[in-house]
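Subject: A structure for you to explore

Hello,

Here is the structure I promised to pass on to you. Please open it beside this email, and follow along as I go through what turned up.

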Amino acid sequence: MTETSVVVDRAKRLRVFIAAFVPVLVLAMYPYTPEPTYDIKMLLLHVGACVMAVLWAQSVFETGIVLRGPRLFFWLWAGLLAISAASAAHSPRPLYSLLELGRLVSLALIYLAASHAYRERGQIAPLALSVCGATAAASVYGFFQRAGLDAFPWDDKLRALEQYTNMPGTFGNPNVAGHTIILAVILAIYLITNKKTRLSVILLAVFVLHIGFMRHRAGLAALAAAGALMVSALLARKFVRAPRRAALTALAITGVLALVSAATVAFIAEKKSGHQAPLDSSFLLRYHSYYGAAKMIAQRPLLGFGPGAYVIENPPFWTAYEREHFARDLMYNAHVHNETLETAVDAGLPAAFMFLGLLIAGMYCGLVMGFSARNPERRRLGFLFAAFFLAYLVDGAFGFNFRSPVSGALLPLMLGALAGVWSEDKPERARVVPARTRMIAAAPVVALAALNALFGVDVFASQSQFQRANAASFYNDPEAESVYASAYRLAPWNWEILRRWGQFALTQGHPGAAISRFRAALERNPHYIPAVIGAARAQFNQEMAGAAYTSASLDAVAAPMQDIVEKFPYMADAWDVLGRTALVRTSLAGETEAARTRAIKDAEDALTKALACGASDRGGLYYLLGNARALANDLNGAEEALRRASESKTADETLWQSFYTLAERTRRFDALRRALDAAIARMQTPPEAKPEFIADAYTWLAKVREHGFQDAAGAAEALQKSCRADTRNPRWWRTYWDFAKQHKTEQEFRLFLAGESTRFAGGGQDIPDAVEAVNLAATGTPENLNKASTILARLVQARDAAGASGAADELAWVAECTADAARYLAAADDQTGHTFLNLGAVLRRAGNPALAYDMLSKALPLLNGDDAAECAIEAAETLIALERPGEALTLLRAADAQSPPRLEVRLALARALARAGKYAEARLEFTAIAEQFRLTESGRSAVQLELDKLPKN
């Protein structure tokens, strides 16, 4: 066995790993990070590159052999890495540039491993089959996505959008999928030319169908260019014999064909649209991004702005078209959509030349291999490489295939494979090197790979924590605070973590913390407009919370927003903040009438522009606009704005209150009535149908009919509909009962209630307890009145136990209806006493002491023992509420005189004395209680606490 064959055998493990790594990279998805198909792939890229470096080093150590010979592309890779490292060090954002630099390191390691693993032409077909098989599986998954049958929905919020329905597969974006699929097409065609893998025509069919559905125009252009290169190679082969000259000739012919094609496209475009280039929104946005990138390159041509820094530094170079587009869509262009230009922006023109050099050298070497090979298989392999790299170049001229995880990894794999098989037909000289030399050669590579992988793990962990924090913040979970902090510690350069963390602080009512986080985000990305707007909102909220805002403090909020709208006049969120700030300015004390008028006009203009630019909180902005127009006495405009606000804020009490206040002030109720009718109709249609909101809208409609149109019958009808809409909520019955009492229509109320009970019973539904209690009371029998009062007491206790506020107040209508029927009770027994006690207790808590005392005074002579004591305490509390403390004390003393003595009565007496201002007597009572009754430790402490609260004098 020769030394060279030993190396090939040892590299088999590396080839097996690469063959397994590619499908995992292609198909990996992880929905628990912000980018479900990107973050996991980047982690795999870094970890996979590290494993490849270890396997490479293991092969070197086991054989002790370093092969010597041509190492294609090595110095281009080394130059690209060196320039990128220098650019990162020179960058205004060096920490963030480490992300992109780490990716380049992983790609260089993959190239190194591939150049070592692939040494024979027969080893390339398994690699191509691995790529094609995995990509075909991703494409099939894309077909299921298009059909709406995705079994693994990685991003539910996108499922209805074109980004998802246009078959992104496991790549996360249709264009990113296209970058890999067009390369797989070329590899599949190569496989079809080999007898053993001709069934790959099935894979090719899948790819062609996918491209047809996607209409990936850049990919079609790339495939056309690859085809043109093959035609050029055939022509060159007929006329030029020397392989190197034939390769140059083929490239020259392809260049001429490219120019002819560009001229043809320009001619057709001019005939169709009058312009020499396609001008749909996709192309137009790319043209503008190319222009901005060119300006950036001109500003820093040597080392650029730092690897990956385009997304940070590009906004100041936006054209007017980009400002409008990105403001409307609230998004940024993370890439130039031209790999060569973006490389020049990131690391300067020398780096761009290195990147171009890799692709052009790959094409040239592939053609030379094809022209010089004597073996047909090697010839096909050479032309495969040439077509692959040209397609990569053309596709990258309109996208970001090098920066996408899968297509980015395929470039060094294929370059490494070409470098490895380049010398297959030529004997290589090999020499055994000492272990120390091998250590010096391999250790730095493995160490760099390990550090880079650890860095990738940290980045992935931060993204996982970030997603956890986003989920927690969505549910207002306080845990989000600590999880955001954890994510930030792992990725201190990530401005988006800081912005979302600040947004969470804002929703939790901590504007100060939000401001500091937004400002920290802006330190990392000074042009990140969402953080600028977030900081302004936080500062605005802080001013409002302090209620000490001044003209100067409002100016501090408005100034950065004014700067944004001057540069980006379609930024809806900035107009939103300006509108709110101007509206607050109208309430400043000491402002002149002219300044107030100008502030009203500014508020109206800014809010109108925010709406025109597509602001998300349209209901809230229309509400503010209505207020601004009302201040300007534009009544028609105010009504229209509030009507528009009601379309999306149907259940907003503040909106309806403002609308009603405006209508009441101006005596113009028509617009409000129409808005309520429309809101009710909207809410009665699923999925918006919510009984509580419908009932609330009917109560507002009743107020409008009653006070705006003096239509008491119409108001009663609306209140009946509110009760019918949300029958089990006592709030609406209470509102109708109060209306009935005011208009002396209690009998109509009772008839409606009885009819509703019949309707419930006829429909086989349970009658609500409150309704059943009133129906029982209406019979007037002692037994039913007692049942009704018992149901009422139970309802109040249950709602109290559930933490519902105002339970007695909401159920007061039941107590009042039952008390009205109980007035005429002639029975004088314990059951009747309990009826009066239950009613009196609820009525006292509901704020009706007169009726409560009427009930309790009737209960007192009918009760004995503990019930009598309880009734005396309730009656005393009621008398105090009626400002009759003397009678309350007399009543409690009489109750205390009963045997045996009761702690509850004595405590009530002591408290009544304190409330009557008889502090000395109260002190004596509390002291006596502590001495005469056996109190628990907690009970004794409670009595002592009340004693300590008494004034000393």
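Let's begin in a loop: Asn 633 is found between helix H27 (618–631) and helix H28 (635–648). Please keep in mind from here on that this is a predicted model. Asn 633 has a positive phi of about 65 degrees although it is not a glycine. Is Asn 633 buried or exposed? With a relative accessible area of 54%, Asn 633 is exposed, because anything over 50% counts that way.

Asn 476 is not a glycine either, yet its phi is positive, at about 55 degrees. You will find Asn 476 in the loop that links helix H19 (435–474) and helix H20 (479–490). The relative accessible area of Asn 476 is 47%, so this residue is partly exposed.

Now try a loop residue with another kind of setting. Thr 33 sits between helix H2 (12–27) and helix H3 (39–63), and its relative accessible area is 0%, which means that Thr 33 is buried. What does Thr 33 touch, if we do not count residues up to four places away in sequence? The list is Asp 39, Phe 460, Gln 463, Ser 464 and Gln 467.

Another threonine to click on is Thr 581, in helix H25 (residues 572–585). Its relative accessibility is 1%, so Thr 581 counts as buried. Setting aside neighbours within four places in sequence, Thr 581 is in contact with Phe 540, Leu 554, Val 557 and Ala 558.

Next, some helix pairs.

Helix H32 (residues 712–725) and helix H33 (residues 730–742) have axes that come within 9 Å and cross at roughly 160 degrees. Angles over 145 degrees count as roughly antiparallel, and H32 and H33 are therefore roughly antiparallel to each other. The crossing of H32 past H33 is left-handed. On the H32 side, the residues that meet H33 are Ala 712, Ala 715, Ala 716, Leu 719, Gln 720, Ser 722 and Cys 723. Their partners in H33 are Trp 732, Trp 733, Thr 735, Tyr 736 and Phe 739. Sorted by class, this contact has nine nonpolar, three polar and no charged residues.

H33 also packs with helix H31 (residues 691–709): their axes come within 10 Å and cross at roughly 15 degrees. That makes H31 roughly parallel to H33. H31 contributes Glu 692, Ala 695, Asp 696, Thr 699 and Glu 706 to the contact, while H33 brings in Arg 731, Trp 732, Thr 735, Phe 739 and Gln 742. How many residues of each class are in the contact of H31 with H33? There are three nonpolar, three polar and four charged. H31 passes H33 in a left-handed crossing.

Leu 76, Trp 77, Gly 79, Leu 80 and Ile 83 in H4 meet Pro 350, Ala 351, Met 354, Gly 357, Leu 358 and Ala 361 in H16. The class count for the contact of H4 with H16 is nine nonpolar, two polar and no charged.

Then there are the nonpolar cores. The largest one has 170 residues, and those with the most contacts inside it are Met 561, Ile 564, Phe 749 and Trp 813. Beyond its neighbours within four places in sequence, Ile 564 is in contact with Ile 529, Val 532, Ile 533, Pro 569, Met 571 and Ala 574. Apart from this core lies another, of 111 residues, including Trp 77, Leu 80, Tyr 118 and Ala 138.

One last stop is Gly 133, in helix H6 (residues 124–146). Gly 133 has 32% relative accessibility, so it counts as partly exposed. How far is Gly 133 from Ala 715, C-alpha to C-alpha? The separation is 71 Å, and the two residues are 582 residues apart along the chain.

Enjoy exploring!

Best wishes

Terms used: Residues numbered from 1 in each chain as written. Predicted model: local features only at pLDDT ≥ 70, side-chain atom pairs only at ≥ 80, totals over all residues. Heavy atoms only, no water. Axes fitted to C-alpha atoms, helices over the stretch in contact; angles between N-to-C directions. Helix = DSSP H or I, 4+ residues; strand = E, 2+ residues; numbered from the N terminus. Parallel < 35°, antiparallel > 145°, perpendicular 65-115°, else oblique. Left-handed = near helix turned anticlockwise from the far one by under 90°. Contact = heavy atoms within 4.5 Å. Nonpolar A, V, L, I, M, F, W, Y, C, P; charged D, E, K, R; others polar. Core = buried A, V, L, I, M, F, W, Y, C linked by side-chain atoms within 4.5 Å. Buried < 20%, exposed > 50% of the residue type's maximum accessible area, 1.4 Å probe, protein only.
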